[in-house]
Amino acid sequence: MKQIRICFDAKNKSSFINFIVCAFLIVIQFSCTEESVTKKEARPEATLEKLQLVHAKTLERIINYNDFLKQAGKEKKTAIKLLFTALKRSEEIHAKNQFALLQKHNAQPISVKEEKVITGSSTQTLKMALSMEDLSTNSVYPALIKLADCEKCTDALQIFKITQDSEFKHAELLRYAIYQGSGMPKLNYKVCPACGYILTTEDVIECPACKGMIKNFESI
Ligand SMILES: [Zn+2]
């Protein structure tokens, strides 16, 4: 507004100097507006960089859970095998969502050096899985959420929050299995195809994480 007022003054006085000043201010005004727009649409570089790593780690976890479910199968521990099958499916959905997010922001997935996980007994694999899930919920996802919020990357923020809810459920199911030990019952797992949230009850009508309809859940 200030610049516009100066413009009118410039016209009234027909002063060449004022006209130059006015033109200069208009140029600054336009360049500022352009800069604000660029800033607003800036690529969330730090969020995408971390997302690439998390996506690679999720792919690695799918492999881990596949090994763990095979081990449970060898030990004829059907209840644990079922749990790892549900966890693996859930992680596949997380990986799919992370990949879609990377694509949306024109970022490429990366591969990381695979950490060799030695598959022990089913009891050991449950504990290993719990420590991985605890790391996700207590450290990885809170950091990602903070980063996406800071860079105003709203789509990533939404996916990270939903995935964190899903990871909390993974940890809860693993704790339950460890607590039950050899008396672990066979549960009916249902996985949300949209966000990977795992349910063991049918007493809800929508996904607690993404609000997807329970009728669409995949039975394991
Ligand atoms: Zn869901």
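Me: With 12 C-beta neighbours inside 10 Å, does Lys211 count as buried or exposed?
Reply: Happy to start there. A residue is buried if 20 or more other C-beta atoms (placed from the backbone) lie within 10 Å of its own, exposed if 12 or fewer, and partly exposed in between. Lys211 has 12 such neighbours inside 10 Å, so Lys211 counts as exposed.

Me: Before we go on, what kind of model is this, and how are residues numbered?
Reply: Residues are numbered from 1 along each chain as its sequence is written. Local features need pLDDT of at least 70 and side-chain atom pairs count only at pLDDT 80 or more, while totals for chains, interfaces and linings use all residues, since this is a predicted model.

Me: Where does Lys211 sit, and what is its phi near?
Reply: Helices (H or I, at least four residues) and strands (E, at least two) are DSSP runs, numbered from the N terminus. Lys211 has its place in the loop between strand 2 and strand 3 (218-219). This residue is not a glycine, yet phi of Lys211 is positive, near 70°.

Me: Which pattern does the protein chain follow along the sequence?
Reply: The chain holds 6 helices and 3 strands. Read along the sequence, the pattern is α-α-α-α-α-α-β-β-β.

Me: How is helix 3 oriented relative to helix 5, parallel or antiparallel?
Reply: Axes are lines fitted to C-alpha atoms, for helices over the stretch in contact, and angles run from 0 to 180 degrees between N-to-C directions. Helix 3 and helix 5 pack at about 165°, with axes 11 Å apart. Angles under 35 degrees count as roughly parallel, over 145 as roughly antiparallel, 65 to 115 as roughly perpendicular and the rest as oblique. Helix 3 is therefore, relative to helix 5, roughly antiparallel.

Me: What is the angle between helix 3 and helix 4?
Reply: The axes of helix 3 and helix 4 are 8 Å apart. Helix 3 is roughly antiparallel to helix 4, and the packing angle is about 160°.

Me: How far does helix 4 reach from its first C-alpha to its last?
Reply: Helix 4 has 27 residues. The expected span is 1.5 Å times one less than the number of residues. For helix 4 that expectation is 39 Å, and the reach is close to it, at 39 Å.

Me: Which residues does His105 touch, not counting those up to four places away in sequence?
Reply: His105 lies in the loop between helix 4 and helix 5. His105 is partly exposed, because 15 other C-beta atoms lie within 10 Å. Two residues are in contact if their C-beta atoms, placed from the backbone, lie within 7 Å. By that test, His105 touches Arg43 and Leu48.

Me: How far apart in space are His105 and Glu45, C-alpha to C-alpha?
Reply: In sequence, His105 and Glu45 are 60 residues apart. In space, their C-alpha to C-alpha distance is 9.6 Å.

Me: Which residues touch the most other members of the largest nonpolar core?
Reply: A nonpolar core is a set of buried Ala, Val, Leu, Ile, Met, Phe, Trp, Tyr and Cys residues joined through C-beta atoms within 7 Å. The largest one has 41 residues, and those touching the most other members are Phe84, Ala156, Cys192, Cys195 and Tyr197.

Me: Which residues is Cys192 in contact with, leaving aside neighbours within four places in sequence?
Reply: Cys192 is one of the core residues that touch the most other members. Its contacts beyond those neighbours are Tyr197, Cys207, Ala209, Cys210, Gly212 and Phe217.
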